[in-house]
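Please keep the sequence and the coordinates at hand while reading.

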Amino acid sequence: MKKIILSAFALSALTIGAQAAEKNPDALVTHTEMGYIQTDGNTKTKAFNLDANVKKAWGKHQASLKLDGQYGSADDAEVKNKYLIELNYDYSFTQVLAFNYLAGYKSDRYAGFAYQAYTGPGLKLQAIKNDAHNLALSGNILYSSDESYAQPRDTNNYSGYRAELVYGWQMLKNLKFTQEASLRGDFEDSSNYFAHSKTAFAAKISDIFSAGVSYKLDYVNKPLAAKTTDSTFTFNLIMDY
């Protein structure tokens, strides 16, 4: 939880100091979604989520950092504690094709994983890019390492892959729809794979702030815990700068 909160403050600080992307194509660009719910009474619950992206381009190069964290408790007992950090580097060959290198780290205590780490090269295709629609496809070959949360720790190292789709649709001047979907798996064990989906709508309040809703699904085909699917529905305050 402390890691998530500290990251939120760090990314918010970057937002304050960033320049607008419209003025400079190589500017630092940030996108931060934050939500918090607390209830008291017969049942005490707390839920916090952070979804943030920071991007910086220079010439044909671009680096991006993604942070996705969720924490929840009920009657002072922790019920959710997960976070994901991904770092991407892109080198553009053309306006539609780029080399990509991905490094990721995920921790999800209640799915049974102390951590899941993965890294490897790939390609990214900018299939559609215009005023209304934006579609990017990517594929990577990965070296992955998954460690169970139970004692004694059991580590599974394997060669695998990840395929990802990111789609954005500017439905109206002040309303945007986004869809992200990814599949990460094991070359040798086809039953060992992980799927992620995020569906979101964002409505502009001002040049910087938006109000949004999102629905996330995390699917584990060979879970270490009881459930295969974890879903999260959130209302968020969004900052773009």
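A salt bridge is here a side-chain nitrogen of Lys or Arg within 4 Å of a carboxyl oxygen of Asp or Glu. The model is predicted, so local features require pLDDT of at least 70 and side-chain atom pairs count only at pLDDT 80 or more, whereas totals for chains, interfaces and linings use all residues. Residues are numbered from 1 along each chain as its sequence is written, and side-chain values use heavy atoms, with hydrogens and water left out.

Under the salt-bridge criterion, the count is 15. One of these joins Glu-86 and Arg-162, with 2.7 Å between the closest N and O atoms. Glu-86 belongs to strand β4 and Arg-162 to strand β8 (residues 155–172), so that this pair links distant parts of the chain, 76 residues apart. Strands, like helices, are DSSP runs numbered from the N terminus (E, at least two residues, for strands; H or I, at least four, for helices). Both partners are buried: Glu-86 has a relative accessibility of 4%, and Arg-162 one of 7%. The classes are set by relative accessible area with a 1.4 Å probe and protein chains only: buried is under 20%, exposed is over 50%, and partly exposed lies in between.

Strand β4 (residues 77–92) also contains Glu-78, whose partner Arg-109 lies in the loop between β5 (97–108) and β6 (113–129); the pair therefore ties together parts 31 residues apart in sequence.

Because Asp-189 is in the loop between β9 (175–186) and β10 (193–204) and Lys-222 is in the loop between β11 (209–220) and β12 (229–240), the pair ties together parts 33 residues apart in sequence. Asp-189 is partly exposed at 25%, as is Lys-222 at 40%. Elsewhere, shared partners connect Lys-80, Lys-82, Lys-106, Asp-108, Asp-218 and Asp-230 into one network of salt bridges.

What surrounds Asp-51? This residue is in strand β2 (residues 45–58) and is buried, at 3% relative accessibility. Leaving aside residues up to four places away in sequence, Asp-51 touches His-31, Thr-32, Glu-33, Leu-67, Asp-68, Lys-198 and Lys-216, where contact means heavy atoms within 4.5 Å.
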